[in-house]
Amino acid sequence: MRRQIGFEIRDMWYNLGQHKIKFIPEMVGPMLEMTLIPETELRKATIPIFFDMMQCEFHSTRSFQMFENEIITKLDHEVEGGRGDEQYKVLFDKILLEHCRKHKYLAKNGETFVKLVVRLMERLLDYRTIMHDENKENRMSCTVNVLNFYKEIEREEMYIRYLYKLCDLHKECDNYTEAAYTLLLHAKLLKWSEEPCAAHLTQRDGYQAATQGQLKDQLYQEIIHYFDRGKMWEEAIVLGKELAEQYENEMFDYEQLSEVLKKQAQFYENIVKVIRPKPDYFAVGYYGQGFPTFLRSKVFIYRGKEYERREDFEARLFIQFPNAEKMKTTSPPGEDIKNSHGQYIQCFTVKPKLDLPSKFHKPVSEQILSFYRVNEVQRFEYSRPIRKGEKNPDNEFANMWIERTIYVTAYKLPGILRWFEVKSVFMIEISPLENAIETMQLANDKINNMVQQHLNDPNLPINPLSMLLNGIVDPAVMGGFTNYEKAFFNEKYIYEHPEDHEKIEKLKDLIAWQIPFLTEGIRIHGNKVTEALRPFHERMEACFKQLKEKVEKQYGIRSLPSSVDDRQGSRPRSMVRSFTMPSSSRPLSVASISSISSDSAPSRPGSDGFVLEPLLPKKMHSRSQDKLDKDDSDKDKKEKKKEKRNSKHQEIFEKELKSTDISLQQSEAVILSETISPLRPQRPKSQVINVMGSEKRLSVSPLPPPQNIPPPITPRTKLSFSLQPNSELNGMNNLEMMGIPPPLPLKGGMADYGNVMESHESISPATSPPVPQRQLPPPLPSKTPPPPPPKTTRKQASVDSGIVQ
């Protein structure tokens, strides 16, 4: 019955004559639906109607663009709805090509159109086949195939439609990075303008935007959110900067500008402080006719999930293809496997090839570089050793060549998928000497990176550093570079390979450079090693001493780069924290002390002027006093009380400051004067203690208003110390810095100002003019015992300890 009605409709169409053009493109959809009915005779009778429609429009407008657009749009909906099959694709291709090739003007354009529709049907049929498949990765692959096709033929509406299908799949799988990259493709189609949004641009109800600029703003906010969840803060910062530019200079929306800048600040902090797991990458080849067309005889690079090993990835892969057979070799398969009717999967780990952005033109922290080692990569390599010539039992490195295969993907990873097809493959061979140079360079980089990590964060565990250093300095563990010396530094090799002279010198240079890196690593290891591991450290030091003497004698002495030296003296982040006294809830801030080498020497370059020095031993402190004590027993009581009170925070102090590399001249006696420094911040009124009646009055005189005068450069032999409020830890407080100190306040008998005093950051002569030094009063006698502790209130005792409340 349907076939008979179809024949009647065909006859009616041909009887329309010159009125046919009035039904184009409105009748394209109904005609397509009729031709998709699974009836072969009906299809053969009705498919030629499409060619007739093409002729009608071509004679009227000299093109058939309306017909083409309509049939592509309707075909997508019909196939997705369950209509169409492989037979229809074959009939459509055969019948329309025969008609087009017979036409004088439609031969070329018509054939192009038919091939385009057939390609679309192939992708749509694949998509429909796996649309309800439990494997979301196959659905993602087919979705990308379709959207790429629509992008190629510039069908923006259909392209955006499939972008959102792909984005939804990623969100279901918690692939937030890939979801962000997918939405970014939509955002790139929009402009920062007041142009009205076309209907197809806002396909989601969640977007309420009248202009393209508003829609792009909303998309960017959502994309930044997804990048944040995927820990891709570098990408989020790029979009945040673009948004900030619009808010500041185009929209003048300072409230939104404030919000986006706060997010950027948080992202920068995350980059430096948050440890991100590095995903592995796997090359996967699908061979055999048993795989679908979008996988067959293709190689893909997959981005693994966090902490996913190759064994886990393979298990997940074979769940999708339970009938597939795993190949045992990494070599390309032969034609017999490619043409077989089975399924063969080849899987192995590949290494991403670092491609640093041009902005990194000088040494950068490993925490920053680590992102680019596994992200924004398009080239991957797989290396396997091969031997050429006779095997040398004494030294396997002499003829150890490396066969390196380079895989280049269609797009950078990560992207809109967690995998991309390999578009080109080429192979290179690495000579034994070049392999040795690469190995030494990697070893040096690894030592340097771990040293930087321990300088940045003294709380890192010591075990990885122990294993790395011991594996290099102890020849019984790894053999060291002695094998390279035997293989390449002998007269025979040099005579037979004169062209390798420069490479040999480079290898020697790398060996020499390893010593300063090891020196720094062993120094850090010695500072952090526990008593239980002390014998292990001493053995490592003994081995390193011999190694150092040998290398420096044969290859010369190298010194550390300035970047490593500077980082030693800079303040570690973990130092900037507050400590609390055990008997009080008041925080005690870490005191910052300038590192001054001489009367005129500025602070160490590269530091911010505030470096932490170790606490001085108690025997080097001279206490100021204005009265003599009568007996030594009172002195002992006071010292015990003070030690008990300060023991906890001093213990924490010494533990934290152990990691800093600032030397003190222990032989010099530090003279502490009884002068209240003019740099001391003004004490709040609430902290001024009045002792009435028979007791004496104790107060701190208020200081004049602050002035922007640089502080004097204090000689090292007369360092003074004081505890600062927590708010001054990261910068200078611009208090008055006059040459004459303010008058001394009245002192009570229980007061002792000789605890610690402050020495502010030294100012470089290059940045500010020098200021005349103020005259310090002569030191008071240091051998007389301090006054006894007062038997008054606890509040007075807290003042006695010298703590600024």
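Contact here means heavy atoms within 4.5 Å. The structure is a predicted model, in which local features need pLDDT of at least 70 and side-chain atom pairs count only at pLDDT 80 or more, while totals for chains, interfaces and linings use all residues. Residues are numbered from 1 along each chain as its sequence is written, and side-chain values use heavy atoms, with hydrogens and water left out. The chain has 26 helices and 9 strands; helices (H or I, at least four residues) and strands (E, at least two) are DSSP runs, numbered from the N terminus. Of its 805 residues, 46% count as buried, where buried means under 20% relative accessible area, exposed over 50% and partly exposed in between (1.4 Å probe, protein chains only). Among contacts between residues at least 6 apart in sequence, 72% join residues at least 24 apart.

**Nonpolar cores**

- A nonpolar core is a set of buried Ala, Val, Leu, Ile, Met, Phe, Trp, Tyr and Cys residues joined through side-chain atoms within 4.5 Å.
- The largest such core holds 125 residues, and Phe-50, Tyr-150 and Tyr-286 have the most contacts inside it.
- Helix 7 (residues 107-130) supplies the largest share of this core, 11 residues.
- The core lies between domain 1 (1-129) and domain 2 (281-364 + 372-404), because both give residues to it; the domain bounds come from an automatic or database domain assignment.
- Leaving aside residues up to four places away in sequence, Tyr-150 touches Ile-72, Asp-76, Leu-120, Leu-124, Arg-155, Met-158, Tyr-159 and Tyr-162.
- A second, separate core has 35 residues, including Ala-512, Ile-515, Ile-522 and Leu-560.

**Helix 4 and helix 6**

- The axes of helix 4 (residues 48-61) and helix 6 (residues 86-102) come within 9 Å and cross at roughly 45°.
- Axes are lines fitted to C-alpha atoms, for helices over the stretch in contact, and angles run from 0 to 180 degrees between N-to-C directions.
- Helix 4 is therefore oblique to helix 6; angles under 35 degrees count as roughly parallel, over 145 as roughly antiparallel, 65 to 115 as roughly perpendicular and the rest as oblique.
- On the helix 4 side, Pro-48, Phe-50, Phe-51 and Met-54 make the contact, and on the helix 6 side Tyr-88, Phe-92, Ile-95, Leu-96, His-99 and Cys-100 do.

- Helix 17 (residues 432-456) and helix 22 (residues 501-528) have axes that come within 9 Å and cross at roughly 25°.
- These two helices are therefore roughly parallel to each other, and helix 17 passes helix 22 in a left-handed crossing.
- Gln-514 is in helix 22 and counts as buried, at 2% relative accessibility.
- Beyond residues up to four places away in sequence, Gln-514 touches Met-440, Ala-443, Asn-444, Ile-447, Ile-472 and Phe-481.

**Helix 12**

- Buried residues of helix 12 (residues 233-251) include Trp-233, Ile-237, Leu-243 and Tyr-247.
- Among the elements that cover them are helix 10 (176-187), helix 11 (212-229), helix 13 (254-273) and helix 16 (366-374).
- Phe-252 follows helix 12 and has a positive phi, near 55°.

**Ser-63**

- Ser-63 lies in the loop between helix 4 and helix 5 (65-80) and counts as partly exposed, at 30% relative accessibility.
- Ser-63 and Asn-109 are 46 residues apart in sequence and 9.1 Å apart in space, C-alpha to C-alpha.
- Ser-63 touches Glu-57 and Phe-58, not counting residues up to four places away in sequence.

Key: Left-handed = near helix turned anticlockwise from the far one by under 90°.
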